[in-house]
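Hi everyone, thanks for coming. Please have a look at the model on the screen while I walk you through a few parts of it.

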Amino acid sequence: MLSIVSALSVSVVDDDRMLLDGMTAWLGSVPDLRLLCTAATVDQLLDTEPGPADVVVLDLLLADGSAPVDNVRRLVATGRPVLVVSVVPHVVHGVDVIRAGASGYLTKDHDLPSLAEAIRTVARGEVAHSPELAFAWSCDERPDRPKLAPKERAVLVAYASGMTLTAVARKVGIQPTTARQYLDRVKAKYGDAGRPTYTKLDLADRVREDGLHRYSSASGDDAGQSSSTLVP
């Protein structure tokens, strides 16, 4: 019996007409992706899109002067996963749009297969990593991003991924009571930084916002040496 998989629907918000025409032609050649709607602004997309796309590809800086963070928040609030793209890397904006709820950030000089893979990643509910995003996170020195010790970070990332505290302790090589202490320290540090963190969902949000997925394969003292798979 044949299994039929529906193509992922993609909407694009960009005021570059040539780019929109190019995206329309390109998506027509990718079997598992289909273009649902194009728009020059978020307002126009919300007014004309027939239904929420599986992924919205959003230009970082639009000609209408709208704030990137506000655009991301508006789209995410309607249940639309967002992949942000820009002409050049923006360190501050790159971090800000992820904190606002975007699921990826990359520049437009990536080839089309890389963009397609990023769209698929976002559609799966994952964060689409890229060199631009990794660079933005590495340069983020704002005071509301607490400094975590390697084991604190390892416990946070593992626990936020869905593991039990016992499993986390086993992975990091510590006792469950110690893992709990590390987790309490992490929550306290985020609270002191002005980003209250109470629940497991809050912890998962902090991991996404601060790019800590990069350390997901690491444990213990070597956590700072790990990196995630990036969009080429």
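Let me start with a question: how are helix 7 and helix 8 oriented to each other? Keep in mind as we go that this is a predicted model.

Two packed helices are described by the angle between their axes and the distance between the axes. Helix 7 covers residues 150-160 and helix 8 covers residues 165-172. Their axes are 9 Å apart, and the packing angle is about 135 degrees. An angle has to be over 145 degrees to count as roughly antiparallel, and helix 7 and helix 8 are therefore oblique to each other. The crossing of helix 7 past helix 8 is right-handed.

Now for the residues that meet there. Helix 7 brings K151, A154, V155, A158 and Y159, while helix 8 brings L165, V168, K171 and V172. Sorted by class, the residues of this contact are seven nonpolar, no polar and two charged.

Helix 7 has another partner to look at. Helix 9, residues 176-192, has an axis that comes within 9 Å of the axis of helix 7, and the two cross at roughly 95 degrees. That makes helix 7 roughly perpendicular to helix 9. On the helix 7 side you can find K151, E152, V155, L156 and Y159. They meet A179, Y182, L183, R185, V186, K189 and Y190 in helix 9. By class, the contact of helix 7 with helix 9 has eight nonpolar, no polar and four charged residues.

Let's step back to the whole chain for a moment. The protein chain has ten helices and five strands. It has 232 residues, and 48% of them count as buried. If you take contacts between residues at least 6 apart in sequence, 65% join residues at least 24 apart. The chain exposes about 11100 Å², with carbon and sulfur atoms supplying 56% of that area.

Next, please find helix 6, residues 131-138, where E132, L133, A134, A136 and W137 are buried. What covers these buried residues? The cover includes helix 4 (91-99), strand 5 (105-107) and helix 10.

Helix 10 takes us to E209, which is found in that helix. Is E209 buried or exposed? E209 has a relative accessible area of 10%, and under 20% counts as buried, so E209 is buried. E209 touches V95, I98, R99, W137 and R195, leaving out residues up to four places away in sequence. E209 and V97 are 112 residues apart in sequence, yet their C-alpha atoms are 8.8 Å apart in space.

D210 lies in the segment after helix 10. D210 counts as buried too, at 1% relative accessibility. Again leaving out residues up to four places away, D210 touches R99, W137, R145, Y190 and R195. Its C-alpha atom is 7.6 Å from that of V95, which is 115 residues away along the chain.

One last stop: L27, in helix 1, residues 17-27. L27 is buried, with a relative accessible area of 3%. Beyond residues up to four places away in sequence, L27 touches V10, L33 and L35. The C-alpha atoms of L27 and A116 are separated by 8.8 Å, and these residues are 89 apart along the chain.

Terms used:
Residues are numbered from 1 along each chain as its sequence is written. This is a predicted model: local features need pLDDT of at least 70, side-chain atom pairs count only at pLDDT 80 or more; totals for chains, interfaces and linings use all residues. Side-chain values use heavy atoms; hydrogens and water are left out. Axes are lines fitted to C-alpha atoms, for helices over the stretch in contact, and angles run from 0 to 180 degrees between N-to-C directions. Helices (H or I, at least four residues) and strands (E, at least two) are DSSP runs, numbered from the N terminus. Angles under 35 degrees count as roughly parallel, over 145 as roughly antiparallel, 65 to 115 as roughly perpendicular and the rest as oblique. A crossing is left-handed if the near helix is turned anticlockwise from the far one by less than a right angle, and right-handed if clockwise. Contact means heavy atoms within 4.5 Å. Ala, Val, Leu, Ile, Met, Phe, Trp, Tyr, Cys and Pro count as nonpolar, Asp, Glu, Lys and Arg as charged, and the others, Gly among them, as polar. Buried means under 20% relative accessible area, exposed over 50%, partly exposed in between (1.4 Å probe, protein chains only). Accessible areas come from the Shrake-Rupley method with a 1.4 Å probe; for residues, only the protein chains shown count as cover.
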